[in-house]
Amino acid sequence: MVVYLDVLFLVNFLMNYFIISICTAIVPNRSKYKRKILASILGGIYGVGIFIPEMNFMYSVISLFGFSVGLVAIIFCPCRFRDFLKILAVFYISTFMLSGG
């Protein structure tokens with residue numbers, strides 16, 4: 001089986017951007033376009049990282065949770081901690097609904 005990393009990156013980038021766009025539409029907190037692009041790029045890189053054997057530790061539950069918290073922090077912070085938790089919940093709900101996770 002052949003996996004094209006550029007296609008994998010593009011699919012992950014687009015899905016991340018779509019999920020982030022849904023979150024920004026639901027949450028009244030406005031984020032900048034550059035932050036959305038940066039978080040989507042990082043999400044795309046993270047998705048490609050599954051094919052690097054030395055990076056297997058990145059795909060534990062704790063690492064996945066930490067990475068998603070980091071993405072939300074890049075997009076929506078600075079904000080209050082309580083607002084951040086609400087935004088994180090919207091991010092997870094959006095992700096589960098779109099990805100079927």
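Reply: The expected span of a helix is 1.5 Å times one less than its number of residues, and helices (H or I, at least four residues) are DSSP runs numbered from the N terminus. The model is a predicted one, in which local features need pLDDT of at least 70 and side-chain atom pairs count only at pLDDT 80 or more, while totals for chains, interfaces and linings use all residues. Residues are numbered from 1 along each chain as its sequence is written, and side-chain values use heavy atoms, with hydrogens and water left out.

Helix 2 has 16 residues, which should span 22 Å at 1.5 Å a residue; the C-alpha atoms at its ends are 23 Å apart, in agreement with this. Buried residues (under 20% relative accessible area; exposed is over 50%, partly exposed in between, with a 1.4 Å probe and protein chains only) in helix 2 are Lys36, Ala39, Ser40, Gly43, Gly44, Tyr46, Gly47 and Val48. Their cover includes helix 1 and helix 3.

Asn16 belongs to helix 1. With a relative accessible area of 15%, Asn16 is buried. Leaving aside residues up to four places away in sequence, Asn16 touches Ser40, Gly43, Gly44 and Leu71, where contact means heavy atoms within 4.5 Å.

Two or more lining residues come from each of helix 1 (5-26), helix 2 (33-48), helix 3 (61-76) and helix 4 (81-99).

Rings of Phe, Tyr and Trp (its six-membered ring) pair if their centres lie within 6.5 Å; planes under 30 degrees apart count as stacked, over 60 as edge-to-face and the rest as tilted. The structure holds eight such pairs. Tyr17 and Tyr33 form an edge-to-face pair, 6.5 Å centre to centre with 80° between the planes. Because Tyr17 lies in helix 1 and Tyr33 in helix 2, the pair ties together parts that are 16 residues apart in sequence. Tyr17 is partly exposed at 23% relative accessibility, whereas Tyr33 is exposed at 54%. Ring pairs join Tyr17 and Tyr33 with Phe9 and Phe13 in a cluster.
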